[in-house]
Structures are given as structure tokens and as C-alpha cells.
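Subject: Structure for you to look at

Hello,

Here is the structure I promised to pass on. Please open it and keep it beside you while you read my notes.

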Amino acid sequence: MSISSSARKPKGAAATGAGEGAVAPPITLSERSSTGLALLRILVGYLWFQQLFWKLPPTFAGLYGYVVRESQHAILPGYGALLQHTFLAGCSSLSSPVDCTAFVPLAACVWTAELLVAISLLFGLFTRFGAILATILALQLYVGLAYSPGEWIWTYGMLVLLALFLVAVPAGRRLGVDYWLAPRLQSAGQRHRWARIASWFV
Amino acid sequence: MQTLRRGFLAGVLASLVLAMFDFVTVGAPGNGFPAVLRWFGITIADSTISHWAGLLLLIVLGGLVGLIFGALQRGKPITPGRALLTGLALGILWWLLFELVLTNIMNHASSPFSLSFGRFLSSFPLDVLFGVLLGAISIQWQGHHGSHQPS
């Protein structure tokens, strides 16, 4: 598995004068390393999968306390107010989503996004898409919870870094559906724009 | 013979991945292994033996499903798409047989097909994953990865 495109000339190479110096060879991963990366991907997927169960539909009640904490301890100015006017609009209690007008539909979106991340990473299906989604979700957790009392700042920082790592490497192409999908999308991408776009995510 | 051996080993490895999940689970590690014994109505009073016996049975079952996977190839090379589909089908079969029917029968449920959303969610994706891994490991060993896959 190549983690840098060896088929195309690296952009930096154009700026290097001919004969001025050797361009670093593309980094290639051995089968063992690729399989190791795939196992890491599966475990990160399982991490997200496990988090579905303490905020199950139809109430998503487990999520409520965390959204309240995020609204109180967010590090980004205005983020707390944004949560107050969306997730927590109309809510009359700090402990349960009583009278909330939009909590359930918005929590359903969060839960569905986390389910998509779990499926994508566990099965290696459009892995980079799943990893991008995981990065966004983890960033949101970092902004809201990293500095809340009782939390270790790096908990969510590491979650962001893990997700970013899986965006950077094609971890679904071993032990995953992307193994089958990637060559087909790349071949179809020469004729169809949608396939070219989809191939960015495997 | 080669396809049978490859299928068996792929099944064992795929079941080891399932077993690995039990070491990063909520509560004590290996909590899920005694449930594997209960599929066959086996209960062992000693917790340690129960955990190890459950793990062993899980690996044996993985190997057996892998053997079925290998037998379905009839000694011929398998394409990646067919391997993943066959694995997927075997994963669903695993879920239907063990997690649904046998679990319900052993728990004396009202119907062998009774199922809650939480139980479906906690078992179905992981059993399907077992099947997909079985297919994926098998094709990787078969050597289809020789084709160029730029990132």
C-alpha cells in the first residue's frame, strides 16, 4: 500500500531544479503495517460504536447532560449560546430534556453521525469519509468538553488526533470494503465525476 | 485443501478480532465470553474457566465458519467481491443462528426471533464484521493485493 501517490509527480518536484537534489522516494507501507493500520481503524470504529449505547433512541437522554456541560464550559466564544438556542431551546431542567423543542431531532442527527462513523471505520467502508466525520464530531467534543471540570484535556484531543490520522492514511484498503471499492472507483473516476469525488473518501 | 486451510485460519483470525473487542468493553475484560458458552446451554460456575472456555469456543466456531467459507470456494480462487459477499452472508448466518435463535432458545424467550433494538444494535454489526473480516483476510492471503492501489 502506498500512502503517497507514486503515480503522479510530487508537486514539490517541479520547484526543485533538475539535478539539484534527489526527490524523497514515496513512502510505502508493508502489508504488515497496512494490516496493523486496519486493526487500529477497526478499534477506533469500535470506540465510536460503544458510545452509541448510552444515548440510545428514542429519547437520547444520555446525551443531554453532556450538551448541558458543553453549553457551560465551551472554549469557543458563542458556542455555548449556540447550544442554548438549538439543542437546549425551551428546556426547563438541567438534568433531563423536559420541554425541549429541538433536542430529540438534533440528538438523533448526532447519534446517526456517530453510527455512520462506527460503520465506516469498522467495515472500512468509505473510511476517509468516516474519519472526516469523526474529526468533526471529536472537534466539537473538544470545544465543548475539554475544559469542563473533571475532564482530562487530552481525552478529546487524542480523539481528534486519532480521527485525523485515519483521514491521512487509506486504512480501509486492508481488512475493509475499500479494498474492493478503491480500484473500482478510481477506474470509474476517469469517466464519471461522482466516482472521482467518491474515490477521495476511500 | 489450501482453500479450506486458508478459510479456517481466516475464520480463527476474524474471531480473534471479535474476542479483542471483549478486552475493551465496559466492565471486566472478557465479560462476553461466557455468553458464547450459553449459546449451547453450557454454564461453568468458575468464572475464570468460564471466560477461557468461552474464548476457546469462540475461536473454534470462527474456525468452523472459516472452513465453511473455504469449502464454498471448491478449491478455486475467489474474487474479492465474491469473498466479501460470502463472508457477509456467513456473518449474517452467524448472527441469526447464535445471537438470535440460540440465545432466545437458551433464555426461554417467547419466540426464537424476539429481539430488542439494543440487542440488535449490539450484536448484528459485529457479527457482520466477523463475516466481512473473514472474506477480507482470505482474499488478502490469496494474493489479490498485487494490483496497484494508489492513495
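Helices here are DSSP runs of H or I with at least four residues, and strands are runs of E with at least two. With that in hand, chain B has five helices and zero strands. Its pattern along the sequence reads α-α-α-α-α. The radius of gyration of chain B is 16 Å, close to the 15 Å from the globule rule for 151 residues, so chain B is as compact as a globular protein of that length. Please remember that this is a predicted model.

Some more on chain B. Its C-alpha trace spans about 50 × 35 × 30 Å along the principal axes. Of its 151 residues, 36% count as buried. Take the contacts in chain B between residues at least 6 apart in sequence: 73% of them join residues at least 24 apart.

Now the cores. In soluble globular proteins, nonpolar side chains tend to be buried together. In this model, the largest nonpolar core has 64 residues. Which residues have the most contacts inside it? They are L133(B) and L134(B). Helix α5 of chain B, residues 117–142, gives this core its largest share, ten residues. There is also a second, separate core of ten residues. Among its members are F60(A), C91(A), F103(A) and A107(A).

Back to L133(B) for a moment. Leave out residues up to four places away in sequence, and L133(B) touches L175(A), A14(B) and V17(B). Find these residues on your screen.

Best wishes

Methods:
Residues numbered from 1 in each chain as written. Chains lettered and ligands numbered in written order. Predicted model: local features only at pLDDT ≥ 70, side-chain atom pairs only at ≥ 80, totals over all residues. Core = buried A, V, L, I, M, F, W, Y, C linked by C-beta atoms within 7 Å. Buried ≥ 20, exposed ≤ 12 C-beta atoms within 10 Å, placed from the backbone. Contact = placed C-beta atoms within 7 Å. Rg over C-alpha atoms; globule rule 2.2 N^0.38 Å.
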